[in-house]
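Trainee: I am new to this structure, and I would like to learn what the words used for it rest on. Could we go through them together?

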Amino acid sequence: MREFELKDEAATVALGQALAKALEPGTVLHLLGDLGAGKTTLSRGLVQGLGHSGAVKSPTYTLVEPYDLPGIKVYHFDLYRLSDPEELEFMGVRDYFGKDCLCLIEWPQKGEGVLPPPDLVVALAYDGAGRKAVLEPLSDQGAQILERLSW
Ligand code: ADP
Ligand code: MG
């Protein structure tokens, strides 16, 4: 487990970029935290760190946004509005958890039972005017990512 102080938005983006360098395909990352805690901001740093040059918005209504990037496919989920985990089955999400994919999941609690277990959990929380992030690995792969993460 590692804890990070994120004093401003740029720090949250930077942590996402550092994660992009440490990750490899075939990773499932869960993002926990209240509304406004910085989940999408961190995702933006991560997706842009992997080579995406456009905007990264939370797919609140479409549930998932795909990014086909060099060497890796990224699926960014926001399940806040998901009413039933079964909806994910209808979307065919099992195909998204392949060896060449990275899955970033905001509000994974809403998809319990359908989503695969995470390799790494990123828990974001308000901390004064800034945020803090606690990263907890739940697999060997997650532990390796955390070891490689340079900050
Ligand atoms: P979430 O996806 O968790 O709902 P967002 O990533 O959309 O949250 O972020 C909400 C707001 O918090 C944004 O306005 C963003 O600029 C701000 N923010 C992100 N990280 C930090 C930080 N470390 N300190 C202060 N504000 C932050
Ligand atoms: Mg969000």
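Mentor: Gladly! Let us begin with a definition: a residue is buried under 20% relative accessible area, exposed over 50%, and partly exposed in between, with a 1.4 Å probe and protein chains only as cover. Please keep in mind that this is a predicted model, in which local features need pLDDT of at least 70 and side-chain atom pairs count only at pLDDT 80 or more, while totals for chains, interfaces and linings use all residues. Residues are numbered from 1 along each chain as its sequence is written, chains are lettered from A and ligands numbered from 1 in the order in which they are written, and side-chain values use heavy atoms, leaving out hydrogens and water.

Trainee: What makes Thr 27 buried or exposed?

Mentor: The relative accessibility of Thr 27 is 1%. Buried means under 20%, so Thr 27 counts as buried. Thr 27 is in strand β2, residues 27–32.

Trainee: How do you know that the side chains of Thr 27 and Gln 141 are joined by a polar contact?

Mentor: A polar contact is a pair of N or O atoms within 3.5 Å; within protein, one must be able to donate a hydrogen and the other to accept it, and residues adjacent in sequence count only if both atoms are side-chain atoms. The contact between the side chains of Thr 27 and Gln 141 is 3.0 Å, which is within 3.5 Å.

Trainee: What makes the phi of Leu 63 worth a remark?

Mentor: Most residues other than glycine have a negative phi. Leu 63 is not a glycine, and its phi is positive, about 75 degrees. Leu 63 is located in the loop between α2 and β3. With a relative accessible area of 7%, under the 20% mark, Leu 63 is therefore buried.

Trainee: What is the phi of Trp 107, and is Trp 107 buried or exposed?

Mentor: Trp 107 also is not a glycine and has a positive phi, about 60 degrees. Trp 107 is in the loop between β5 (101–106) and β6 (120–127). Its relative accessibility is 15%, under 20%, so Trp 107 counts as buried.

Trainee: Which atoms of the protein lie by the oxygen atoms of ligand 1?

Mentor: A backbone N or O atom of Gly 38 is 3.0 Å from a ligand 1 oxygen. For a side-chain N or O atom of Thr 40, the distance to an oxygen atom of ligand 1 is 2.8 Å. Glu 106 has a polar side-chain atom 3.3 Å from an oxygen atom of ligand 1.

Terms used: Helix = DSSP H or I, 4+ residues; strand = E, 2+ residues; numbered from the N terminus.
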